[in-house]
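Hello,

Here is the structure I promised to pass on. Please open it first, then read my notes below.

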Amino acid sequence: MTKTNLPGPAPDQQRAMLRTMKLIRAMESRLSQDSLQGLLPGTVHLYIGQEAVAAGVCAHLKDDDKITSTHRGHGHFLAKGGSPAAMMAEIHGKDTGVCRGMGGSMHVADVSKGILGANGIVAGGMAIATGAALAAQLDGKGGVAVAFFGDGAANEGVFMENLNIAAVWNLPLIFMCENNGYGEFTPAHTVTAGRLIDRARAFGMPCHEVDGNDADAVWATAAIAIERARAGEGPSYIEAATYRIHGHFEAEAMMLKKPYRAAEEIEAWRGRDPIAAYVARLTEAGVVTPEDVADLDEEFAEVVEKAVADAQAAPLPSNDLAASLMFTNRTVEVMA
Amino acid sequence: MKKRYAAAINEALHEEMERDERVILFGEDVEASMFGDTAGLLDRFGSRRVRNTPISEQTLAGMAVGAAAAGYRPVLHLMFGNFVYTAMDAIGNQMARIRLMTGGQMTLPLTVIAVYGGGRSSAAQHSDAPHPVLMNLGGINVAMPANSADGKGLLKAAIRDDNPCFFLEAGGRGAEMGEVPDGEHIVPFGAASVLREGKDATLVAIGTMVKHARVAADNLAAAGIEVDLIDPRTMVPLDYATILASVKKTGRLVVVDEARDSCSAASQICAVVAGQAFSALKAGPARVTVPDVSLPYAPVAEKSLIPNPERIEARVRALIG
């Protein structure tokens with residue numbers, strides 16, 4: 001499945017992707033701990049195991065390019081340049097959060113970085129990306145939009161609508177499907193007829209399959225789709241086969257009566273951890289040294305520690321903030 | 001100058017697209033334009049900015065959000081008011097929510113046009129007045145112009161507004177003539193229009209119902225009963241101040257709304273007035289609405305459910321006693 005014959009990333013690009021993946025993992029490992037200890041106000045859906053997809057795709061994107069993400073959106077946010085500290089504060093529900101504590105984990109967004117938001121509705125971001133792709137087409141400056149979504153979203157009706165209109169209007173849009181095998185607690189294959197990629201093929205756009213645990217392969221595939229979109233040649237679909245090592249959300253075990261995944265399956269995918277595999281590859285190739293990797297781990301441990309400490313110390317949003325944010329030009333009045 | 005309702009709306013679209021190249025229009029059959037409101041725009045502004053779309057309401061509403069977030073001022077023609085329900089995820093979960101969820105980062109200057117209301121034997125899937133649903137979402141402005149001047153002025157205000165705005169066109173009224181001021185004409189959101197003044201009762205009529213309320217008010221005046229007739233013009237924001245001031249003067253309130261009764265705009269207005277002007281009231285606030293029934297196809301059956309001048313007049317008389 002991996003397109004080994006595609007031109008790959010240069011060493012500095014590989015190092016940048018490793019950084020991105022390490023940052024995501026460090027942030028989410030802490031979020032996992034803090035969630036299980038009840039230190040976060042809401043739940044978190046972690047991207048652990050899928051980092052190579054966000055890193056490989058976002059490596060090609062500029063701030064002006066737009067992405068929409070999913071409920072599992074921390075990785076996309078960080079890979080697209082979102083601030084770790086602002087994300088951590090957001091997940092802690094603080095006024096210093098990137099969304100001032102109004103969105104939380106499932107809605108991290110930074111419009112200045114082209115991150116049009118993680119989204120709590122499965123497939124909810126897809127049409128927003130299509131609209132952003134329309135804007136990019138009208139701008140005529142080579143901008144693109146990427147809709148990140150999962151196998152679950154591919155069973156929503158709007159998936160078809162968006163494939164259709166993107167193809168009809170030749171929009172600079174990449175449908176980035178991360179097939180992690182599960183929609184919430186249900187194995188995707190038990191609720192999905194046919195192959196997802198065949199659905200996109202029906203609309204006549206280029207379709208790629210890639211090993212979603214191989215950052216270089218994702219990078220190379222995304223390069224083709226994004227260059228095509230920038231050149232005005234229209235949308236593409238990419239399907240990355242990957243795996244969600246953690247649950248649908250942290251602490252799910254407390255709510256579910258029995259496991260829905262075999263321990264052996266999870267362990268097998270842990271053995272294919274995209275970051276461990278990438279470290280091994282880059283070390284072997286001399287792109288990074290073990291010391292470089294240790295330095296990265298140390299750097300991000302500090303980033304995370306400081307982000308958490310700052311978030312804990314940060315002020316809460318005021319109770320009247322929400323009413324002031326509904327409209328640009330007025331505060332919602334209480335009429336009752 | 002007198003203009004037809006649809007022509008006044010069409011003129012607003014022409015003027016705003018001329019004024020600001022970031023205004024774009026897309027929707028189902030905007031080229032053919034069965035209502036006439038989008039006629040001629042494709043020829044004038046070209047297929048980059050004016051686009052016929054597939055029938056994909058949920059995606060179209062989501063695209064309006066995305067295009068607005070990316071710097072444009074999209075106008076989406078959703079065709080019929082009932083299609084609000086078809087598009088509801090994008091409206092209720094995205095359009096109405098994203099500004100708050102992003103801590104105010106996202107500004108969504110978009111307009112959705114939809115034609116609403118019954119009386120044309122279009123049956124129950126093309127006849128609803130969906131404004132109460134939109135009012136309940138929060139985060140979305142809702143304009144309901146009752147005449148040509150407000151059609152033009154409110155649409156121009158909607159397009160220039162930095163918030164999502166629904167512009168609900170009164171169904172079946174496209175050919176009605178009305179005076180439209182010459183030159184630049186903008187009607188601000190949240191400013192009710194007082195159409196006639198009287199001391200005996202406050203009659204609030206919404207959108208399509210303004211026409212019937214005018215007839216009722218004329219008939220009542222002929223019998224010596226004078227009402228304040230108020231057209232709120234926008235349901236979000238709603239000009240409660242004008243309504244409350246009127247009720248404090250008259251002591252009686254009747255609200256006429258083409259929505260179904262439960263949680264209608266009429267019930268909301270009555271609730272606020274009951275809460276905030278209770279001591280001024282000489283009678284319970286009254287609603288003239290569609291019962292909680294789907295509008296049927298058969299003309300007489302449909303007509304019997306939609307408020308008409310006789311029902312409005314009778315309700316005012318009953319209040320006065």
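In this predicted model, the centres of domain 1 and domain 2 of chain B are 26 Å apart, taken over C-alpha atoms. Domain 1 of chain B covers 2-179, and domain 2 of chain B covers 193-320.

The two domains touch. Domain 1 of chain B gives 23 residues to the contact, and domain 2 of chain B gives 24. On the domain 1 side, four elements of chain B each supply at least two residues: helix 7 (131-137), strand 6 (141-143), helix 8 (148-160) and strand 7 (165-170).

Next, the core. The largest nonpolar core has 209 residues. Ala132(A), Val146(A) and Ala114(B) touch the most other members. Both domains of chain B give residues to this core, so it lies between them. Take Ala114(B): beyond its neighbours within four places in sequence, its contacts are Leu78(B), Met79(B), Phe80(B), Gly81(B), Phe83(B), Val84(B), Phe166(B) and Leu168(B).

Now the two chains. Chain A brings 37 residues into contact with 38 residues of chain B. Helix 5 (126-139), helix 6 (157-168) and helix 12 (321-325) of chain A each supply at least two residues of the chain A side. Helix 5 of chain A supplies the largest share, 10 residues. The chain A side counts 23 nonpolar, 10 polar and four charged residues.

Best wishes

Terms used: Residues are numbered from 1 along each chain as its sequence is written. Chains are lettered from A and ligands numbered from 1 in the order in which they are written. This is a predicted model: local features need pLDDT of at least 70, side-chain atom pairs count only at pLDDT 80 or more; totals for chains, interfaces and linings use all residues. Domain bounds come from an automatic or database domain assignment. Two residues are in contact if their C-beta atoms, placed from the backbone, lie within 7 Å. A nonpolar core is a set of buried Ala, Val, Leu, Ile, Met, Phe, Trp, Tyr and Cys residues joined through C-beta atoms within 7 Å. A residue is buried if 20 or more other C-beta atoms lie within 10 Å of its own, exposed if 12 or fewer, and partly exposed in between; C-beta atoms are placed from the backbone. Ala, Val, Leu, Ile, Met, Phe, Trp, Tyr, Cys and Pro count as nonpolar, Asp, Glu, Lys and Arg as charged, and the others, Gly among them, as polar.
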